[in-house]
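Reader: I would like to learn how to read a few features of a protein model, starting with charged side chains. Could you take me through them slowly?

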Amino acid sequence: MRIAIAGAGNVGRSIAQELIDNGHQVMLIERQPRMLRPDRVPGADWVLADACELTSLEEAAIADCDVVVAATGDDKVNLVVSLLAKTEFAVPRVVARVNRAENEWLFTEQWGVDVAVSKPRVMAALVEEAVTVGDLVRLMTFRQGEANLVEITLPPAAPYVGQPLRDVPLPRDSALVAVVRGRRVLVPSPDDPIEAGDELVFVCTAEVEDAVRAVVLGPDSVERTRNGDR
């Protein structure tokens, strides 16, 4: 993919290097000359420009990008970059960094944002994921809540432990995308049995999260979670 990243600070450079290592073509857009350090990410195309200016984005050929990442340390800048990328250049996917948790409500489709990444939310999800067994943990939200990435770590008493995945009657609008077992990440297949301690990773809509929880953990799990009894 061709990916443009606005902001060449630590976050932008880290994202750029990761994407380059994965074989993507990356352009870093930075408006401060002192931050223009091509030696830090030599595999990227570096552009000295203001990503909030239409002419700068036109010259950078943003319309040819598959993804734009607004990764600056300023939420106002990230919102403007997202809006311009989506509305003026029809970029298929826009990912925006949220620096201040109280601004997260602004990062919606109305501002051109497909995926908003909030460090406090991600950190909280990772903490929950590390300590929670027998409950559903929301790891990430896509398209402003239309779909979520969620995880369930199976306790020994889960209804379908030891049974093949084909026997697990998942609701519509949900899909099991990975099974994390120890240090292995498994691509699920219908014949694979699930085991106690498995971390099941689903993509589903918010509306069916309770139904996924009820199937995987048992019909009473939703009520127990609401009552704080895990």
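Author: A salt bridge is counted here when a side-chain nitrogen of Lys or Arg lies within 4 Å of a carboxyl oxygen of Asp or Glu. The general idea is that side chains of opposite charge can pair when their charged atoms come close. Before the case itself, please note that this is a predicted model, in which local features need pLDDT of at least 70 and side-chain atom pairs count only at pLDDT 80 or more, while totals for chains, interfaces and linings use all residues. Residues are numbered from 1 along each chain as its sequence is written, and side-chain values use heavy atoms, with hydrogens and water left out.

Reader: Which residue forms a salt bridge with Asp198?

Author: The partner of Asp198 is Arg181, and their closest N and O atoms are 2.7 Å apart. Asp198 lies in the loop between S10 and S11 whereas Arg181 is in strand S9, so the pair ties together parts that are 17 residues apart in sequence; strands here are DSSP runs of E with at least two residues, and helices are runs of H or I with at least four, both numbered from the N terminus. Arg181 also forms a salt bridge with Glu195, where the closest N and O atoms are 3.6 Å apart, and salt bridges that share partners join Arg181, Glu195 and Asp198 into one network.

Reader: Is Asp198 buried or exposed?

Author: Buried means under 20% relative accessible area, exposed means over 50%, and partly exposed is in between, using a 1.4 Å probe and protein chains only. Asp198 is buried, with a relative accessible area of 0%, whereas Arg181 is partly exposed at 24% and Glu195 is partly exposed at 37%.

Reader: Which residues are buried in helix H5, and why are they on the same side?

Author: An α-helix has 3.6 residues a turn, so residues three or four places apart point the same way. In H5, which spans residues 209-217, the buried residues are Glu209, Val212, Arg213, Val215, Val216 and Leu217. They cover an arc of only 165 degrees around the axis, taken from the directions from the helix axis to the C-beta atoms, which puts them on the same side of H5. After H5 comes Gly218, whose phi is positive, near 115 degrees.

Reader: What is the order of the strands in the open sheet?

Author: Two strands pair if DSSP finds at least two bridges between them. The open sheet has 6 strands in the order S3-S2-S1-S4-S5-S6, with parallel pairing. Strands S3 (45-48) and S6 (115-118) stand at the edges with a single partner strand each, so one side of each is left without a neighbour in the sheet.
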